[in-house]
Amino acid sequence: MKKVAVIGVGITKFGELWNSSLRSLTIEAGTKALSDAGIPGEEVDALYTGCMTGDMFVKQGHISSLIADYGGLLPVPSTRVESACASGGLALRQGFITILSGVADIVVVGGVEKMTDALGSQTTGYLASAADQEWESFNGATFPSLYALMAKRHMYEYGTTEEQLGLVAVKNHYNGSLNPNAHFPFKISLEKVMGSTLVADPLRLFHCSPVSDGAACVILASEEKAKELRDDPIWIRSSGQASGAIGIYDREDICTIDSTVNAAKSAYKMAGVTHRDIDFAEVHDCFTIAEIINIEDLGFFKKGEGGKAVEDGITSLDGELPINPSGGLKSKGHPVGATGVAQVVEVVTQLRGKAGKRQVKDAEIGLSQNIGGSGGTAVVHIFSR
Ligand code: COA
């Protein structure tokens, strides 16, 4: 099979960025990624941008044209990809498939979101549009409340504790304190998590990812181009995508996200590896319970044992299987459309051995997992040096 590499990465600071617009964030990340790849815009054959809410938060539609235009890439074919919080991961998959098809040699994959200019009540409603509008959101369900139901059930079924949920946040904030681009680059204690405001029982403020602005970008290349342009390309070994029920009321088991299980199965098969070969992973911790469920669904731990693994330090930066060395969505931030691409920026930085103080030891194979909504979509990618 043909091979596809990541040859450039770029990311903006994540946070409440009042001086930056949706377009300026995208262009900043894209310019950094092209410069990292060492290629001019003229070499680009196609552009994909993951963006979930541009037409809601900043009332900007037709993002594909906007980004190609302001990125100086006209007349390159440009496509916006939307699949809720999995928009970035899916944009990467589209770029990967486009190169595999032979249609393009160089593809720019970006992800962006500008979320902090809206009122809190608007924000929650916009995000809830990714749940089942008729049966969930219309009746008052929000993402914190949906994940709270999943947390309650996980605690009931497996004895997962509030402390274990809190320790996910403590770990990810520690990692994020080593990431200068993180929205909240500071450490927190378990006491601080447990004492924070209750958002949706049992989830407190520090169990939730924040509402963030930010953009990330990666440059993909065909095998021939990658070898021509870099000594250290990072290979995309596989891409898996799967869909699941949009509403959690329609699932057999709300402690499992089937789309992740299925996307991971495809990704492991295509890469010819198992979960045991993965050295570290960036997973979708939109709420701390999501990280626990994800590390189980990816096969790293048996169902019900994710919380204990976090408590035992296995998923810490210096543990056997570091999870979210970037700080994850919890500390690094969650500009929804950018998240899936930002995960890849981190995986590539780690595999290049350039992650500084948060470098994972002996990182050879990394995995990224990006979820849309409460699990209606999941995308899993595997990378190696
Ligand atoms: N973690 C830590 N601190 C947070 C935070 C978070 N997730 N969200 C906000 N804060 C901080 C703010 O920086 C602010 O601190 P300050 O008073 O020192 O300035 C304070 O908490 C209040 O911020 P505010 O923006 O008023 O919070 P809020 O109550 O409007 O929102 C949440 C808090 C948890 C409801 C919001 O972050 C949220 O909705 N998160 C989930 C986003 C989501 O659903 N994403 C999609 C997932 S599928």
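This is a predicted model: local features need pLDDT of at least 70, side-chain atom pairs count only at pLDDT 80 or more; totals for chains, interfaces and linings use all residues.

Let's start with the fold. The protein has 14 helices and eleven strands. Its radius of gyration is 19 Å, close to the 21 Å from the globule rule for 385 residues, so the protein is as compact as a globular protein of that length. Along the principal axes, the C-alpha atoms fill a box of roughly 55 × 45 × 35 Å.

Now burial and surface. Of the 385 residues, 62% count as buried. The accessible surface of the protein is about 14,600 Å². Carbon and sulfur atoms account for 51% of that surface.

What about contacts along the chain? Take those between residues at least 6 apart in sequence: 77% of them join residues at least 24 apart.

On to the ligand. Which residues come closest? There are 14 residues around the ligand, and the closest are F206, C208, S209, P210 and K330. By class, the shell divides into eleven nonpolar residues, two polar and one charged.

Next, the polar atoms. Look at C208: a polar backbone atom there sits 2.8 Å from a nitrogen atom of the ligand. For S209, a backbone N or O atom is 2.9 Å from a ligand nitrogen. K330 uses its side chain: an N or O atom there lies 3.0 Å from a nitrogen atom of the ligand. How much of the ligand does the protein cover? On its own the ligand has 920 Å² of accessible area, and the protein covers 58% of that.

Now the two loop residues. Please find S83. S83 is in the loop between β3 (78-81) and α4 (87-100). Is S83 buried or exposed? The relative accessible area of S83 is 14%, under the 20% cut-off, so S83 counts as buried. Leaving out residues up to four places away in sequence, S83 touches L90, G372 and T377. With T377 there is also a polar contact: the two side chains are joined at 3.2 Å.

The other residue is T274. T274 sits in the loop between α10 (258-271) and β9 (280-282). Its relative accessibility is 35%, which lies between the 20% and 50% cut-offs, so T274 counts as partly exposed. One distance to finish: T274 and V310 are 36 residues apart in sequence, and their C-alpha atoms are 21 Å apart in space.

That's the tour. I'm happy to take questions.

How values were computed: Residues are numbered from 1 along each chain as its sequence is written. Side-chain values use heavy atoms; hydrogens and water are left out. A residue is near a molecule or strand if one of its heavy atoms lies within 4 Å of it. A polar contact is a pair of N or O atoms within 3.5 Å; within protein, one must be able to donate a hydrogen and the other to accept it, and residues adjacent in sequence count only if both atoms are side-chain atoms. Accessible areas come from the Shrake-Rupley method with a 1.4 Å probe; for residues, only the protein chains shown count as cover. Ala, Val, Leu, Ile, Met, Phe, Trp, Tyr, Cys and Pro count as nonpolar, Asp, Glu, Lys and Arg as charged, and the others, Gly among them, as polar. Helices (H or I, at least four residues) and strands (E, at least two) are DSSP runs, numbered from the N terminus. The radius of gyration is taken over C-alpha atoms; the globule rule is 2.2 Å times the number of residues to the power 0.38. Buried means under 20% relative accessible area, exposed over 50%, partly exposed in between (1.4 Å probe, protein chains only). Contact means heavy atoms within 4.5 Å.
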